[in-house]
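Trainee: Please take me through this structure, one question at a time.

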Amino acid sequence: MVCRPVFEELTVLANGDIVCSSSDVDGQRVYGNVHVDRIADVWAGPLYREIRDWQLRTAPGTFCPAIDEDCPRRVVRATPFDRPDGMSVRLLKLEPTTHCNLACPQCPVVKNFPAKPHLDEYRARKTLSVETMLDVVDQLPDLERILYFNYGEPFLHRGTVPFLRELKRRRPDVWVGTNTHGLALTPDVVEALAGEVLIDKFVVSIDGAFPESYAGYRVGGDLDRVLRNLRALVEARKRAGTEERFEIVWQYIFFEWNDSDEELARAKEIAEDIGVPIQWVMTCTDGGSERLRHRSAEFDRLTGGGDSYAAMHRPLQLRTILANGGVAEGRYLAEIAAERIEAEPPAPRRSDGFETPDVPSVAAPPGATVSLSLRVRNLAERYWISSTKEACFRMGVLLQSASGRPLSELPILHDADGRYPYLPDEARPPGGDARFVIRFAAPEAPGPYRLLVDIVEQGVCGLHDRGSHPLVLTLDVV
């Protein structure tokens with residue numbers, strides 16, 4: 001088990017420090033600083049190699065020496081490509097500023113920084129320049145996603161719109177998400193965000209439907225004002241016709257003072273009137289709701305059964321992250337093995353050193369049909385039952401670049417009788433074991449690729465996001 005951030009993610013703090021993720025709130029293990037270091041040197045440097053090597057050779061656990069305490073992020077099964085030198089950076093968490101005009105009691109800006117003189121000096125009231133943020137992005141050629149927030153309010157940074165505008169010009173393929181308290185939005189910013197689609201997913205934190213309970217955590221906030229801003233953003237999106245490209249979400253954290261039936265009903269009523277979905281969030285911080293627990297009957301009754309955390313992600317189905325998706329319970333553990341890989345027609349292997357040790361490989365001409373004979377076994381103690389009535393289990397093949405960047409999900413071809421090869425029922429009971437063949441077309445562009453083969457619960461997620469282990473192959477299109 002590994003922590004994905006140290007293998008393919010990067011967090012840059014407002015003072016320029018590079019840390020593994022937002023879990024390192026205080027910057028206890030700083031790998032470098034973007035004001036003086038090049039990211040490639042830091043990423044391949046001794047500190048990163050040390051923590052990756054430690055994860056690969058130690059037993060799974062929650063303790064992390066990087067922050068000298070427990071961390072919940074070591075929950076992903078290692079693949080043959082997870083090595084001490086890491087993979088390419090795919091996700092960047094960018095902290096534009098640590099300035100904030102609210103005083104949320106559990107936020108590090110309020111709780112951590114003032115209490116520790118060295119943090120107050122090095123972390124508080126810092127801001128990254130637009131030029132620095134763009135330089136960071138330019139150094140990451142395989143970047144897929146940017147989370148433009150961390151600690152501090154991103155829209156207090158006066159360069160936010162110019163940065164996002166230039167970012168979208170330079171890297172239109174990079175998905176961008178943010179989280180904001182929504183109080184710093186001006187009419188000009190609203191029009192730019194909605195009209196130009198500078199952000200793909202925009203999450204506004206509003207923890208309450210009544211002013212008194214909202215102010216219980218968002219100290220210094222104004223509920224009426226943030227709801228007006230949220231409505232203005234939705235209306236601007238409608239005028240611009242960008243509803244399909246600009247996602248707006250209301251985030252609601254459950255506390256003891258905002259979890260009543262009456263308040264949740266009122267929140268849903270307001271959200272429906274404005275035209276936004278609510279993302280319900282559980283918290284283990286002081287004041288967190290004791291009445292509601294994720295996936296409890298009471299939680300489902302009050303919220304409609306939605307997930308309590310909706311991860312920010314590019315919507316590639318095989319990479320969809322399902323938070324709290326049964327990893328600890330081991331409901332969906334599978335073993336997937338490739339027993340035979342054939343291309344029609346076959347292609348000769350290249351001799352340029354592309355081979356990857358311990359990873360099954362196949363060579364194919366552009367567009368050729370690839371047949372993959374699989375054996376799938378259910379290692380769990382439970383029957384694989386879909387969580388939605390309409391869903392079913394199937395095999396999915398995610399095409400990646402040689403460095404692991406997701407490109408597209410390859411369509412599975414129907415068999416000679418025109419039937420789609422869903423996962424056989426024999427594989428679904430505990431101890432189930434099934435052999436079958438799937439076929440798909442190789443991409444038309446020549447070059448080295450990777451294939452991530454996984455069982456997918458149609459419409460939900462891949463089993464590897466629930467703690468299972470996907471099959472990783474290499475594909476050489478020649």
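Mentor: Start with a term: a residue is buried under 20% relative accessible area, exposed over 50% and partly exposed in between, with a 1.4 Å probe and protein chains only. The model is predicted, so local features need pLDDT of at least 70 and side-chain atom pairs count only at pLDDT 80 or more, whereas totals for chains, interfaces and linings use all residues. Residues are numbered from 1 along each chain as its sequence is written, and side-chain values use heavy atoms, with hydrogens and water left out.

Trainee: What percentage of the residues in the chain is buried?

Mentor: The chain has 478 residues. Its accessible surface, by the Shrake-Rupley method with a 1.4 Å probe, comes to about 21000 Å², with 51% belonging to carbon and sulfur atoms. The buried share of the residues is 55%.

Trainee: How many helices and strands does the chain have?

Mentor: Both are DSSP runs numbered from the N terminus: helices are H or I with at least four residues, strands are E with at least two. On that basis the secondary structure comes to 12 helices and 20 strands.

Trainee: What share of the contacts with a separation of 6 or more joins residues 24 or more positions apart?

Mentor: A contact means heavy atoms within 4.5 Å. Among the contacts in the chain with a separation of 6 or more, the share from residues 24 or more positions apart is 75%.

Trainee: Which residues of helix H3 are buried?

Mentor: H3 covers residues 46-57 and reaches 16 Å from its first C-alpha to its last, close to the 16 Å expected at 1.5 Å a residue; the expected span is 1.5 Å times one less than the number of residues. Among what covers its buried residues are helix H1 (5-8) and strand E1 (9-12). The buried residues are Tyr 48, Ile 51, Arg 52, Trp 54 and Gln 55.

Trainee: Where does Asp 68 lie?

Mentor: Asp 68 is not a glycine, yet has a positive phi of about 60 degrees. Asp 68 counts as exposed, at 56% relative accessibility. Its place is the loop between E4 and strand E5 (69-70).

Trainee: How many salt bridges are there?

Mentor: A salt bridge is a side-chain nitrogen of Lys or Arg within 4 Å of a carboxyl oxygen of Asp or Glu. By this rule the count is 22.

Trainee: How many residues apart in sequence are the parts that Arg 90 and Glu 8 tie together?

Mentor: The side chains of Arg 90 and Glu 8 meet in a salt bridge of 2.8 Å, N to O. Arg 90 lies in the loop between E5 and strand E6 (91-94), and Glu 8 in helix H1, so the separation of the parts they tie together is 82 residues.

Trainee: Are Arg 90 and Glu 8 buried or exposed?

Mentor: Relative accessible area decides this, and the cut-off for the inside is under 20%. Arg 90 and Glu 8 are both buried.

Trainee: What relative accessibility does Asp 135 have?

Mentor: Asp 135 and Arg 38 form a salt bridge, 3.2 Å from N to O. The pair links distant parts of the chain, with Asp 135 in helix H6 and Arg 38 in the loop between strand E3 (32-33) and H2, 97 residues apart. Arg 38 counts as partly exposed at 44% relative accessibility. Asp 135 also counts as partly exposed, at 29%.

Trainee: What relative accessible area does Glu 95 have?

Mentor: Glu 95 forms a salt bridge with Arg 123, whose closest N and O atoms are 2.7 Å apart. Arg 123 counts as buried at 2% relative accessibility. Glu 95 is buried too, with a relative accessible area of 1%.
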